[in-house]
Amino acid sequence: MTKWVYAFGDGSAEGQADMRNLLGGKGANLAEMSNLGLPVPPGFTISTEVCTYYYAHERQYPADLAGQVEAALARVGAITGKAFGDSANPLLVSVRSGARASMPGMMDTVLNLGLNDVTVAALTKNSGDARFAWDSYRRFIQMYSGVVLDMEHHLFEDALEEYKDRKAYTLDTDMTADDWRHIVGEYKAIVERELGRAFPQDPNEQLWGAIGAVFGSWMNARAIKYRELHGIPASWGTAVNVQSMVFGNLGETSATGVAFTRNPSTGEKELYGEFLINAQGEDVVAGIRTPQDITEKARKAAGSDRPSLETAMPEAYKEFIRICGLLENHYRDVQDVEFTIERGKLWMLQTRNGKRTAKAALRIAVELAAEGLITQEEAIGRIDPAALDQLLHPTIDPNAERKVLASGLPASPGAAAGEIVFDSDEAEAAKAEGRKVILVRVETSPEDIHGMHAAEGILTTRGGMTSHAAVVARGMGKPCVSGAGTLRVDYAKQTMTAGGVTLNKGDLVTIDGSTGQVLLGRVKMLEPELSGEFATLMGWADKVRRMKVRTNAETPLDARTARTFGAEGIGLCRTEHMFFDGERIVAVREMILADDEAGRRAALAKLLPMQRADFVELFTIMQGLPVTIRLLDPPLHEFLPHSDEEIAEVAAAMGASAEKLKRRAAELHEFNPMLGFRGCRLAVAYPEIAEMQARAIFEAAVEAARKTGEAVIPEVMVPLVMTKPELDLVKGRIDAMAAAVMKETGATIEYQVGTMIELPRAALRAGEIAESAEFFSFGTNDLTQTTLGISRDDAASFLGPYTAKGIIPADPFVTLDQEGVGELVKLAAERGRKTRAGIKLGICGEHGGDPASIRFCEGAGLDYVSCSPYRVPIARLAAAQAAIGSKGSGTA
């Protein structure tokens, strides 16, 4: 016979803490507290396997479940000296859901189940308090009707408020026993009127109705959406906890409350919580009465004149403090507990690991390790790397009012407020005047870099999590909301419209890059602050991680920011981002318009000193750390104007023919530029471009080494290689430039030439390519596009349904597709190493800052990951957790 029901209470239990998959988190912890001998009201847990069975058998229960529930109820009755449904001494129970992961949106609690027109009289007699009994009965009808019978909550609230108005009562506490008896009659009449049937009087019918509601709630819309957002499989199911009632509303010696064993906002080692005298659990969170502080210290700090638990019930308080300490030591983590005091006797109703802010999580982990409760490796495993974003960027004050205008994708974390501008030049001008702006575009392009740099944040109506706007914003550490499809931008009218609201240029908006929300007006924010615990934990993480963490950076600001955050070099310097500044873009356009090689070389000669100065600065900032510089990658048409108006303006500024500019732009136009004339194909057709960039790199290496006294070993990366002959051709030009610079300067330059693996063919032929390449950097943004046949800029429109329907586990541009793209990465790494044993392997796509992808990189044996500057701490922590996980210890 399958065991479906597990009993707990009276100092023992049939379950324990490590059975959360079977008993759910709540059930497993109730069992554990019972085994610890703590005062837990007796009860039983119906396992998650019943939920799985229920949905696999057209919402039918196992045949032997009813018998097991009946036996468990009898055990609870024996412990309490009561009987379920008994007219003289009835056992009343609470029914709660409890999945293995805490899940908002699941069925709310039902208290006082077992009350009816007969047992309410017994409760009156046994408690000696008629008001308490009838109040408990009306609460039960209200809860059961809302949760199980799916009736509107306001029907009951309205009836109660109308009655209080008639009686000129202000508070529920003004109600007498007779008043509550009257309300019970009204409530039952509402049920009969709305549902056409009487409120159930049979306690067994009540119980099975509540059990069915718990299992039903596992598949409600709220629960499904929550699971979708947090990657919780539907197959996990929920458990049901049925527990003997204890009452916090039995007069002035009874109370109920909730507490954390440490402050969940700051992490401070102090009891944090509140309670109410003469109340049931729902009253504490309902906001009808003002809760009281548990400790005297907290009461004084709050300036409250209402007594603390410490003074009101000193014996119960002492026992509560003892139990909180015992639970924290036992679970070795902060506990979130619920308790009830019934006529002076303390009962523990729940314990679970407490949710906390990132700031608190850091302090708690470091202090628990210092106290010897957990190891340093366990402390590292306690922090969610993604939560560090809270510490690195401004965030919206959780207490601030949010007027949501539209929602898009949370493309780059943090929050920003400013005036709306629709043009990058205007953003730059506003910044110069000291005005803060949000750059709003349908989508951004490399031409918008200066405006993005000037803006506080970026908002686009098109594009996904790895669109141009998202990638660049993350690199700059600026908030970004992308793909806000309900927004309509009209560049001509300079307006932005959503939900019937039209905003003009200059109007104030706030964007929340952590949630994807666009908010009206300027919303209050909290500034980031890095604590000493941050540095401590990062130091521990750096000791255990194997992989290096580099950054993607091409500006001095990005490079310095990344160094501050602990980057160990640059894994990707995108040289094209350096070409969009004023003078440079003119020289680039001259080069593109040139009719022959001589003309191109003349234009490139103007760029050489600018590129060299860029690289000198980066090498100097990095002080001998590795710097990987990617040669020019994007198609040339990206550097040219597109509209007739822009073409005329640029032509006039350059002193060139508008017709020639227009003709050249048309010649360079491509139907699919991502697979077009870009990457090493530019260097094959125009080797002079690669020569100029290589010369700039090597001259800068010599100059920076002389300035800093640190040897500079540049890594020159050739993009979009698909064959060894391509790489050989470009490498030949790079080597020639290195030889020329060494001859001219008399210096010896140590350098490496490698390639980005971003095409499936390159991954398959990696063994051959490694004969020439001294390192591989996996460009997983493009490798994902070319492997899956998905354009990352257009994927937002259909990836949502794909993840929702379980076709793919996650957006492959956010978390690496380990089965497909990951297989190619492993294959290329294996074949590359077979040819060249010590070949350096890294990843420089957006996946380099994603914790799940970093775990994959650890498993694949890559040497480093490279990510945007503000994701460096996240990558350092994730790499440490991956290293701990790979050796099978700790909690990662």
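Mentor: Contact here means heavy atoms within 4.5 Å. This is a predicted model, in which local features need pLDDT of at least 70 and side-chain atom pairs count only at pLDDT 80 or more, while totals for chains, interfaces and linings use all residues. Residues are numbered from 1 along each chain as its sequence is written, and side-chain values use heavy atoms, with hydrogens and water left out.

Start with the barrel. Helices (H or I, at least four residues) and strands (E, at least two) are DSSP runs, numbered from the N terminus. Two strands pair if DSSP finds at least two bridges between them. A closed barrel of 8 strands runs β27-β28-β29-β30-β31-β32-β33-β34, and the pairing is parallel. From one strand to the next, the twist averages 25°. Axes are lines fitted to C-alpha atoms, for helices over the stretch in contact, and angles run from 0 to 180 degrees between N-to-C directions.

Now look at β28, residues 570-574. Strand β27 (residues 548-552) runs parallel to β28 and is joined to it by 2 bridges; N552 has L572 as its bridge partner in β28. Strand β29 (residues 627-630) is also parallel to β28, with 3 bridges between them, and there C573 stands opposite I629. Buried means under 20% relative accessible area, exposed over 50%, and partly exposed in between (1.4 Å probe, protein chains only). By that rule, 5 of the 5 residues of β28 are buried. Helix α27 (residues 687-708) lies across β29 and β30 (714-718), at about 170° to β30.

A770 sits in the loop between α30 (766-769) and β32 (775-778). Why is A770 called buried? Its relative accessible area is 1%, so A770 counts as buried. Beyond its neighbours within four places in sequence, A770 is in contact with F776, G832, T835, R836 and I839.

Just after α31, G789 has a positive phi of about 65°.
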